[in-house]
Amino acid sequence: MNHEQVADRVIKYVGKDNLIAAAHCATRLRLVIKDTSKIDQVGLDNDDDVKGTFSIDGQYQIIIGPGDVDKVYNFLIQKTGLKEVTPDDLKNIASSGKRTNPVMALVKLLSDIFVPLIPALVAGGLLMAINNLLTSPDLFGPLSVVQMYPGVKGVSELINLLASAPFTFMPVLIGYSATKRFGGNPYLGAAIGMAMVMPSLVSGYDVANVTAAGKMTYWNIFGLNVAQAGYQGQVLPVLAVSWILATIEKWLHKHMPATPDFIFTPLIAVIVTGLLTFIGVGPIMRIVSDGLTNGIVWLYNTAGFIGTGLFGTFYSAIVVTGLHQSFPAVETQLLTNIAKTGGDFIFPIASMANAAQGAACLAVLFITKNEKQKGLASSAGVSALLGITEPAIFGVNLKLRYPFYSAMIASGIASIFIGIFHVLSSALGAAGIIGFISLPPKNYLPFFISIIISMVISFSLTYVYGKKFAKVEDKESPVDTENNANLIAVADEVVAAPVAGKLQSLSSVNDQVFSAEIMGKGAAIIPSDNNVYAPASGTVTVAYATKHAYGIKTADGAEILIHLGIDTVDLKGEFFTSNVKQGDNIKKGDLLGTFDIEKIADAGYDTTVMIVITNTMSYGAVEEIKANDINHGDNIIALTQLTADYSSAAANI
């Protein structure tokens with residue numbers, strides 16, 4: 001790559017006078033632009049040295065790649081005369097003069113609280129679905145599986161217990177997550193959540209009936225009769241209580257001397273919050289919560305299939321805005337009150353929308369002749385069918401537009417059928433073609449009919465329009481015959497885990513550059529240890545001052561990027577140490593550095609570690625070879641060499 005020429009082209013495409021400020025991280029240029037409509041997007045999309053572009057939080061980001069982005073940035077600064085700034089400074093510049101959108105602020109707040117809870121809710125929901133399969137009659141025969149085979153009754157009861165736990169003790173989970181988000185001690189939040197579901201209280205599910213029967217028990221507190229009512233299955237009361245707890249705790253920390261603060265702040269915060277919870281805040285928010293639930297159910301029942309059709313049509317557009325991050329809060333409320341609501345209507349509609357986007361993306365696979373676009377469409381399309389739509393939406397469908405619109409139409413039509421058949425889910429899960437497992441068995445048939453309608457219409461509309469009217473970009477990267485002989489045909493190579501933790505798919509990472517595999521294929525790890533080790537022997541090619549990323553080129557030619565956390569470049573090296581510098585020769589297992597995952601998480605950053613093979617196209621296959629919990633040094637990625645028979649084809653990818 002000629003870094004100066006790349007900088008020249010970026011300036012040409014963006015416009016020298018259109019630039020306000022520029023920074024970079026380990027993989028991309030981060031720019032603040034005066035007018036994004038003046039950007040030559042076609043030129044950037046067709047530039048072989050630009051791996052992708054996207055806009056987020058007022059920044060226009062151009063993906064260049066590790067080891068190259070800093071050099072391109074230096075030339076860009078020289079040629080434009082812009083002042084060098086850090087990514088953190090750039091965020092301030094991007095947000096300066098902009099008013100905060102209260103709706104998006106609320107969405108982000110709910111997202112920060114509920115997204116970490118989704119794994120527990122999904123696990124409980126899917127276990128609930130499995131229990132439904134075991135206990136529902138007329139599914140595998142006239143009797144349920146448990147009735148036909150009494151020996152599995154104990155297994156069914158255990159599954160039901162595990163499934164019910166996350167929903168019964170929801171206040172504990174929300175108390176921890178919400179108090180942490182509001183800046184308080186999350187363990188105090190969990191403690192308050194536990195108090196709200198103590199067995200000595202009347203179960204939250206029975207409060208209305210017990211009160212109506214006149215059998216509610218009360219405490220006498222300061223002359224007030226305070227109901228001994230629990231809050232199982234409640235959401236809003238816990239959110240309000242968590243905010244109060246965090247606010248009291250932060251005020252006490254600020255005004256109390258150090259020694260008394262350690263002893264008395266937790267005591268005072270918990271007892272004051274507890275009194276407020278049961279005397280006033282809890283009962284009031286229970287009324288608000290019940291009113292909200294009843295309102296949602298009324299709206300669903302009133303709007304009927306017309307409402308589901310409209311919601312299904314615009315669901316993917318909502319995903320683009322990020323507003324869908326607030327849906328888990330609503331779905332949780334619907335599911336915890338399933339006896340009243342009947343279930344969750346959002347999940348089946350989301351499944352229709354995701355399946356439609358996946359089918360549209362796969363249609364592009366059959367339309368385009370661009371090998372790069374084919375590869376992305378195939379992987380992103382399958383991913384969307386299984387419920388992960390970001391790679392399909394942002395990587396393919398939105399860029400071409402007509403696949404996205406075709407999927408919206410198909411989703412709307414399929415969601416009309418969802419409304420007609422009153423398909424509701426009884427649990428959370430993967431919103432896609434396998435979403436049926438989260439539904440009661442009686443809804444399987446209408447769900448599958450609707451999914452087929454969504455996929456067939458979306459695929460057909462995209463394919464027909466794409467073939468007849470759309471100008472699909474079929475330009476392929478020019479073949480550089482001089483470099484064909486230099487394609488790296490390495491021996492099979494294995495890359496080890498640089499950190500200990502839990503192995504994740506790269507597509508699950510909360511960063512669209514990595515999840516869409518724009519930088520290359522690889523793996524992700526939820527770290528459980530602070531040490532970072534060399535995953536292979538080679539040379540350090542990237543070692544930034546911020547210490548949040550390393551680039552390594554192995555002796556056999558693999559180019560490995562280790563990225564510690566998401567957006568952690570903003571920490572400017574805080575909580576990181578490094579033992580290596582660019583140009584150092586290292587051996588597999590050498591300690592590269594450390595990062596304090598607890599402090600980084602407390603600072604509000606995602607600590608996921610990404611391991612990416614940035615020269616993926618030099619290989620026949622890049623595959624994960626180990627799952628679940630891993631230690632550093634365990635093999636996680638297998639690299640299969642390109643054979644001579646396929647080298648010519650690989651050059652065109």
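Figure 1. His-422 is exposed, with a relative accessible area of 51%. The cut-off for exposed is over 50%. The model shown here and in the other views is predicted. His-422 sits in the loop between helix H19 (402-420) and helix H20 (444-468). Its backbone stands out too: His-422 has a positive phi of about 55°, although it is not a glycine. Most residues other than glycine have a negative phi.

**Figure 2. Lys-572, a second residue with a positive phi.** Lys-572 is not a glycine, yet its phi is positive, at about 55°. This lysine lies in the loop between strand S13 (559-564) and S14. Lys-572 is partly exposed, and its relative accessible area is 47%.

**Figure 3. Helices H10 and H12 in contact.** Helix H10 covers residues 186-195, and helix H12 covers residues 236-255. The two pack at an angle of about 135°, and their axes are 10 Å apart. Angles over 145 degrees would count as roughly antiparallel. H10 and H12 are therefore oblique to each other. Their crossing is right-handed. From H10, the contact takes in Leu-188, Gly-189 and Ile-192. From H12, Val-241, Leu-245 and Glu-249 meet them. Four residues of this contact are nonpolar, one is polar and one is charged.

**Figure 4. Helices H9 and H12 in contact.** Helix H9 (residues 170-181) also packs against H12. The axes of H9 and H12 come within 9 Å and cross at roughly 40°. An angle under 35 degrees would count as roughly parallel. H9 and H12 are therefore oblique to each other. H9 passes H12 in a right-handed crossing. On the H9 side, the contact residues are Pro-171, Ile-174, Gly-175, Ala-178 and Thr-179. On the H12 side, they are Val-238, Leu-239, Ser-242, Leu-245 and Ala-246. Seven residues of the contact of H9 with H12 are nonpolar and three are polar, with no charged residue. Leu-245 of H12 meets H9, and Leu-245 also takes part in the contact with H10.

**Figure 5. Phe-404 and Tyr-405, an edge-to-face pair.** The structure holds 13 aromatic pairs. One of them joins Phe-404 and Tyr-405. Their ring centres are 6.1 Å apart, with 70° between the planes, and the pair is edge-to-face. Phe-404 is buried, with a relative accessible area of 4%. Tyr-405 counts as partly exposed, at 48% relative accessibility.

**Figure 6. Phe-576 and Phe-595, a stacked pair.** The rings of Phe-576 and Phe-595 form a stacked pair. Their centres are 6.3 Å apart, and their planes are 15° apart. Phe-576 lies in strand S14 (residues 576-578), and Phe-595 lies in strand S16 (residues 591-595), so the pair ties together parts that are 19 residues apart in sequence. Phe-576 and Phe-595 are buried.

**Figure 7. An aromatic cluster.** Phe-436, Tyr-444, Phe-447 and Phe-448 form one aromatic cluster.

**Figure 8. Asp-47, a buried loop residue.** Asp-47 lies in the loop between helix H2 (41-46) and strand S3 (52-56). Asp-47 is buried, and its relative accessible area is 7%. The cut-off for buried is under 20%. Leaving out residues up to four places away in sequence, Asp-47 touches Arg-9 and Tyr-13.

**Figure 9. Ala-303 and Gly-419, apart in sequence.** Ala-303 is found in helix H13 (residues 258-321). Ala-303 is partly exposed, with a relative accessible area of 32%. In sequence, Ala-303 and Gly-419 are 116 residues apart. In space, their C-alpha atoms are 9.2 Å apart.

**Figure 10. The whole chain, for orientation.** The chain has 24 helices and 20 strands. Of its 653 residues, 49% are buried. Take the contacts in the chain with a separation of 6 or more: residues 24 or more positions apart account for 72% of them.

Conventions. Residues numbered from 1 in each chain as written. Predicted model: local features only at pLDDT ≥ 70, side-chain atom pairs only at ≥ 80, totals over all residues. Heavy atoms only, no water. Axes fitted to C-alpha atoms, helices over the stretch in contact; angles between N-to-C directions. Helix = DSSP H or I, 4+ residues; strand = E, 2+ residues; numbered from the N terminus. Parallel < 35°, antiparallel > 145°, perpendicular 65-115°, else oblique. Left-handed = near helix turned anticlockwise from the far one by under 90°. Contact = heavy atoms within 4.5 Å. Nonpolar A, V, L, I, M, F, W, Y, C, P; charged D, E, K, R; others polar. Phe/Tyr/Trp six-rings, centres within 6.5 Å; stacked < 30°, edge-to-face > 60°. Buried < 20%, exposed > 50% of the residue type's maximum accessible area, 1.4 Å probe, protein only.
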